[in-house]
Amino acid sequence: MNHIDWKIEVEKRKDSFLNDSQGLLQIRSVLDEGNATKNAPFGPDIAAALEYMLSLGEDAGMAVKNVDGYAGHIEMGAGEELIGVLGHLDVVPEGDGWTVDPYGGEIKDGKIFARGAIDDKGPTMAAWYGMKIIKELNLPLSKRVRLILGTDEESQWRCVDHYFKHEEMPAAGFAPDADFPIIHAEKGMMNVTMKQEVVTKGEESEAVLQSFQSGLRLNMVPDRAEAHLITAEKWEDRFQDFLNENHLTGGIEEEGDVQRFYLTGKSAHGSTPEFGVNAGIMLASFLSQLSLDHQGLSFLHFIKEHLMDSSGEKLGIKVEDEVSGMLTVNPGVFNYHKEDGGSLGLNIRYPVTHSGNTVMEILGKLAEREGFTIDVTKHTTPHFVDEQHTVVQTLKKVYEEQTGHSGKPIAIGGGTYARSLEAGVAFGALFPGREDVAHQKDEYMFLEDLFSAAAIYAEAIYELAK
């Protein structure tokens, strides 16, 4: 067989690639359980994104299947062994502050902009075009290749849970939903809700924290926070000084006897909270300095005393290892109402050699001391594939040949569908040196990276399945 220039094959299909990518990015596939149906368990827009991809597969002459609206797949090739490529079509909410239409798929300055451009619609489309190229070149395969399309990755992973109850588990594969070169280790992850016990004791103040809210998802650093205080005192000057000192924007609006405090931070992915500015933490830090009612102040003090650093040191759970680095904590959701008390949603990612049970035990003791109860709503153990595994070595070879750079495997704090497979790794599509803008406003992917990823995926899929 003659040598295949995968990059040229991608270039030949550039226009259709971009057109198909824009079509997918223009679907606002955000979780919408309020409008869920039997065939659209995560809402009509996510269902539309799934059908969009399946229609592309069908038009290309491949086998497709919609698995009860939870997930789907596009399959090609023949043979007993199955190679899986696992991407997801759901996206986190767009949030505020975009300078372009978050669902426009606008192309400018060599980038394509939209929610999902890098996480994970762009990379999933690149993987699809990798398959499409192999199909159109009529290359012989000894294994089946299945692009598995998840729809609830940004929330609870109910998509893959349901899918693998009904469908075949691939022998090996990769998820195009992280970084290049290769992710062979993913930290353990747990979502924790800490609920404040309602208290009535203590001296009450003339200033009362009526409500406090920040954050939409546990895996996003909150970029907006708002609190309502019943108070006659004026705080504008003091609050403005705080904002200036911390290079933040915000303000106070009066609504009768209620003052509404609001503050803007910077969003980031929950696996890298150090790259964001947590609006909830910052607003709580200021309000905790005021003379407020006992219950409200207790809620704010807990945030200030235990959640200001992302390493978990103030929670007593700081730990790290050589394989995957430090534990991280992202306080992603803050809710407080005077009548019900407060709740805090934490996304914790711990090293692969550490025990999640130890983390839960330490947090449980702290919560009890501080007047909180604790509920672990999700816990996914760490994932690790040995560097010498055939999948890792194959992908490493392809990456190094196409890029000229080292393909040495790395570890991440993010969690990808790769951990659904025993021999699964995450493989791109964020190239080294590029800023990670997943979950941020004006999310984008460089066009040259999108095309390069497709070429890498085409060769990788072929090498795994030929």
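The axes are lines fitted to C-alpha atoms, for helices over the stretch in contact, with angles from 0 to 180 degrees between N-to-C directions.

What you see above is a predicted model, in which local features need pLDDT of at least 70 and side-chain atom pairs count only at pLDDT 80 or more, while totals for chains, interfaces and linings use all residues. Residues are numbered from 1 along each chain as its sequence is written, and side-chain values use heavy atoms, with hydrogens and water left out.

First, the chain as a whole. It has 11 helices and 24 strands; these are DSSP runs numbered from the N terminus, helices being H or I of at least four residues and strands E of at least two. The radius of gyration, taken over C-alpha atoms, is 24 Å, close to the 23 Å from the globule rule for 466 residues, so the chain is as compact as a globular protein of that length. That rule is 2.2 Å times the number of residues to the power 0.38. Along the principal axes, the C-alpha trace spans about 80 × 45 × 45 Å.

Of the 466 residues, 59% are buried, where buried means under 20% relative accessible area, exposed means over 50%, and partly exposed lies in between, using a 1.4 Å probe and protein chains only. Among contacts with a separation of 6 or more, 77% are between residues 24 or more positions apart. Contact here means heavy atoms within 4.5 Å.

Now the helix packing, starting with H4 and H11. Helix H4, residues 121-136, packs on helix H11, residues 447-465, at an angle of about 50°, and their axes are 7 Å apart. H4 and H11 are therefore oblique to each other. Their crossing is right-handed; the convention is left-handed if the near helix is turned anticlockwise from the far one by less than a right angle, and right-handed if clockwise.

Which residues in H4 meet H11? They are Gly122, Pro123, Ala126, Ala127, Gly130, Met131 and Ile134, and on the H11 side the list includes Leu450, Tyr457 and Ile461. By class, this contact of H4 with H11 has 12 nonpolar, two polar and no charged residues. For those classes, Ala, Val, Leu, Ile, Met, Phe, Trp, Tyr, Cys and Pro are nonpolar, Asp, Glu, Lys and Arg are charged, and the others, Gly among them, are polar.

H11 also packs with helix H10, residues 390-403: the axes come within 10 Å and cross at roughly 140°. That makes H10 oblique to H11. This crossing is right-handed. Residues of H10 in the contact include Val391, Leu395 and Glu401, and those of H11 include Ala455, Glu459 and Leu464. The contact of H10 with H11 divides into eight nonpolar, four polar and three charged residues.

Last, some backbone details. Asp119 and Asp120 are joined by a cis peptide bond, with omega about 5°; Asp120 sits in the loop between strand S5 (111-113) and H4. Another cis bond runs from Phe180 to Pro181, with omega near 5°.

Asn138 has a positive phi, near 55°, in a residue other than glycine, and is exposed, with a relative accessible area of 66%. His247, not a glycine either, has a positive phi of about 55°, and its relative accessible area is 73%, which is exposed.

Key
Angles under 35 degrees count as roughly parallel, over 145 as roughly antiparallel, 65 to 115 as roughly perpendicular and the rest as oblique.
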